[in-house]
Amino acid sequence: MKAKWWNIIRSKYKNMTVYVFLILFGVATPFAMFTPAQTEKVAVVTTLGIDKNEQGQLEVSVLTIAPSGSATPENQTLQLYSAVGEDVSQCMLRLSLAIGKEVGIAHCDSIVIDKTLLEEGITPYLDYFVRSSNLISNAFLICCPSGAKELLQVTTSEKNDYNLSLRSIIFHLDDYMFTTQATLSYYYEKLFSQNPSYIMPIIDVKDSKEPTFATGSTNASTSEEDSTSSSGSSSNQQSSQGQSSSGEQNQKTIKSEGKSLVLYQGKLVKELSQEESYAMNILAKTTSKGILMAYDVTTDQLQNAKVTMKITNSQVQYQAKFLDGKPVFHLDCHYVCSLDSIVMGEYELSDYQATTSYLDSILEDKIKEHIFAIASTLFNNGKSSKIDYLESYRYFEAYHPQEWKEYLKKVGEENYLDSMLYTIDITIDTKI
Amino acid sequence: MKEVTSSQLGKMLFLSIISMKLTIIPALVTKYCGTDGKIGIMILTMLDFLTMLIYVNCMEKYPNMTMGEILKVGLGKVAHILFFTILFLFFGIKCVFIVKQAHIYLVDNLVEEMHWLAFTIPLLLFLFYVMIKGRRVLARTIEFLFFMVLISFAFTLLIPIMKWKVTNILPLMENDWGSLLKGLFFVNFIIGDYFLLLVFVGRVKIDASLKRTLIGYALSAVVLVWVFYFVFYGVFGKIAINQGLAISDLPLSAVYPSTIGRLDWVSVICWVFVILMIMAIMFVLVKSCFEEVIPCNKYWSSLIIVGVLFVVMAILYFDLEAFIQLITSTWFCAICLAVQTLMPFVVWLASVRVNRKMMEKPVRFQKEQS
């Protein structure tokens, strides 16, 4: 029996596999055992903010998360740190020194930028993130007029109370705006394109008493703790769990009104007006929800009514073509709607049926009239400010490359919108 | 000895075809060919595919002779040594490249930092083990893990599909043919995938479906590579030049990762296995060529290869840029192009001369063979 076991062991030792795996374990085990956990070495950044402070210095703020097994979104500890420096790279180094960990931006899903930086041009500030292989290119770029750090601070407390994060707001707005396109990679895609205009969403901070057209208020409060300076860096720390401990409390909350900014070659050009934003909502391919409006509708059943139809689904197709050497950008819009509200002087009992599938030819024409009006405003404003809101050049470049090149030679690359014609074909169906 | 079946060889060929083209190369192709890189990759892969027919014919014609024997009989011993030395160097450089891209892939996706020894030592041990085990064990392992390749492909292509835009890939040709061909000259190193078949001439079980099977696997791989490039350019467009690691950048570029869960992890884990298998294939090929040039014990040949690679990696490890500069330098590309063009011709010539010898002196030839 003994001899048999010995033979088995001897035969095993002859097998090269055993030696290879022994060496593999011998090499891998010390690395695994003596290397500290990555969470001890790396501060996981979820949101990053870039500001220019009152002294004109660049300030980078990061919202870090402390991952733990028992943490849920409600009890996870979020901390805000910030550091000043000459450029983003120096700020990140100083942040790392202040936190005592490497700043890991692999999970950073949003970069908030102060509006003053947009006026200067943001490309120099984003260069660091392009070269960092760690940051994923789908991080959202958001503008905060009140300052990026301010928004991050409010996000900390908002997350604690309502589990709101900037990303979730952006995802919600996606149905109504261009926002899922507002990523870092898309910024560069546009920057190096024929029309380097880029639309960036605005998410701001407001006092909870401040009225906005967006509803919702919160008791969330934030507290500023004393900033500490270390080797030229200021570190500002805010714990979401310690918010009620300080004396003075600022009632602040996130303000999201679906507004956007337009950047041209990385610099702020203008803020989209409410009308332009609405037109983008209706005419963009990426949005699927919104409302259609018709004013002064008079039919058998309606008297000077303002009718609002809710878009439950929309399909917008773009088509580029040339007619007599002129570029024509055609929009084919198909909306599926349901009647959302009727505002008029007097109501009858029949209106109380609350039908949602009402649509007659007069109402349809009124809605189309309104869409034509806002579309015309958007296109005219685009022509005057040389902003190609619907990226028409992409379609001409893709489907009529030769004609497009000739056209650009004729009118000049920067003036291609001047002679562009827009046509719209609208179909409206009611939801049954 | 017939070491592999036609199906196993087909699967290895499949991996060999995709091995170089999906990680660092897409950005490199974009650097030289712009967004016309998708057409460029179609041209390169089709040209490469044509050479396959010569190798498969040779394989079918001489089922009992290895490539080494064909060369010795057809062109002499010097040509044989020269042929396998060139092949050894070709596969060797590919090995260094693939190991480096495997490291970048792991650092990009799985770990923040990785000491080079922690990566190199276990990897070289694994590769040493695979080389000792030889072609047969490798072929069977790949047959077993082949489904992972398909899963990896499926997830890599499906996750970012929402970002795909037809306007990013049109027009198909943005620049002229001259600049495209010039660009292709600088990336011709990425083809030559069918050289793998040369190592398996005389070592594969010949059956009626050999040609059909190999062409089937090769064409599937080529089509998948095309689809990959069309998705890649459709998602990134002109900024494809910045996507240093295409197979991980594609799923990570999706803006809905939190809503679709961490499906990209399936892709990441599968790709780790796929990359390991690709490295194993390359190392076995290097070892086979080495043994043709310097006949020696499998332990010694494997040890020498692992040792040389360790030294090369210690020198080149931290500098991928330098390595890419080397493989895209004009002289290197010219040599590569010459090798890629001459190899099929040499194989064809050797095959013809062996055939002539067989016709002239069939009895003597058979004695020589025996």
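How many residue pairs are in polar contact between chain A and chain B? The count is two residue pairs, both at pLDDT 80 or more. A polar contact here is a pair of N or O atoms within 3.5 Å; within protein, one must be able to donate a hydrogen and the other to accept it, and residues adjacent in sequence count only if both atoms are side-chain atoms.

Before going on, some housekeeping. This is a predicted model, where local features need pLDDT of at least 70 and side-chain atom pairs count only at pLDDT 80 or more, while totals for chains, interfaces and linings use all residues. Residues are numbered from 1 along each chain as its sequence is written, chains are lettered from A and ligands numbered from 1 in the order in which they are written, and side-chain values use heavy atoms, with hydrogens and water left out.

Back to the interface. Chain A brings 34 residues to the contact and chain B brings 33 residues, contact meaning heavy atoms within 4.5 Å. The size of an interface is often given as the accessible area lost when the parts come together. For chain A and chain B that buried area is about 2900 Å², with 59% of it on carbon and sulfur atoms; it is the accessible area (1.4 Å probe) that two parts lose on being put together, summed over both.

Two salt bridges are found across the interface of chain A and chain B. By the rule, a salt bridge is a side-chain nitrogen of Lys or Arg within 4 Å of a carboxyl oxygen of Asp or Glu. One joins A:Glu189 to B:Lys165, at 3.8 Å from N to O.

On the side of chain A that touches chain B, at least two residues each come from α2 (16-34), α3 (38-41), α8 (166-173), α9 (184-191), α12 (392-399) and α13 (401-411) of chain A. Helices (H or I, at least four residues) and strands (E, at least two) are DSSP runs, numbered from the N terminus. With seven residues, α2(A) gives the largest share of that side. By type, the side of chain A that touches chain B has 16 nonpolar, eleven polar and seven charged residues. Ala, Val, Leu, Ile, Met, Phe, Trp, Tyr, Cys and Pro count as nonpolar, Asp, Glu, Lys and Arg as charged, and the others, Gly among them, as polar.

Next, the sheets. Chain A has an open sheet of three strands, ordered β7-β14-β15, with antiparallel pairing; two strands pair if DSSP finds at least two bridges between them. Its edges are β7 (197-201) and β15 (267-271) of chain A, each with a single partner strand, so one side of each has no neighbour in the sheet. Strand β14 (residues 260-264) of chain A pairs with β15(A) over four bridges, and A:Leu263 stands opposite A:Leu268 in β15(A).

Chain A also has an open sheet of four strands, in the order β16-β17-β18-β19, and here the pairing is mixed. Which strands stand at the edges? They are β16 (290-297) and β19 (421-430) of chain A. Six bridges join β16(A) to the antiparallel strand β17 (residues 305-323) of chain A, and A:Gly290 has A:Ile311 in β17(A) as its bridge partner. Helix α10 (residues 274-283) of chain A packs on this sheet, touching β16, β17 and β18 (326-343) of chain A, at about 115 degrees to β16(A). Axes are lines fitted to C-alpha atoms, for helices over the stretch in contact, and angles run from 0 to 180 degrees between N-to-C directions. Helix α11 (residues 361-385) of chain A lies across β16, β17, β18 and β19 of chain A.

Within α11 of chain A, A:Lys368 and A:Glu364 are four residues apart, about one turn of the helix, and form a salt bridge at 3.5 Å.

Last, two backbone details. Most residues other than glycine have a negative phi, and most peptide bonds are trans. A:Asp324, in the loop between β17 and β18 of chain A, has phi near 55 degrees. The peptide bond from B:Leu170 to B:Pro171 is cis, with omega near -5 degrees.
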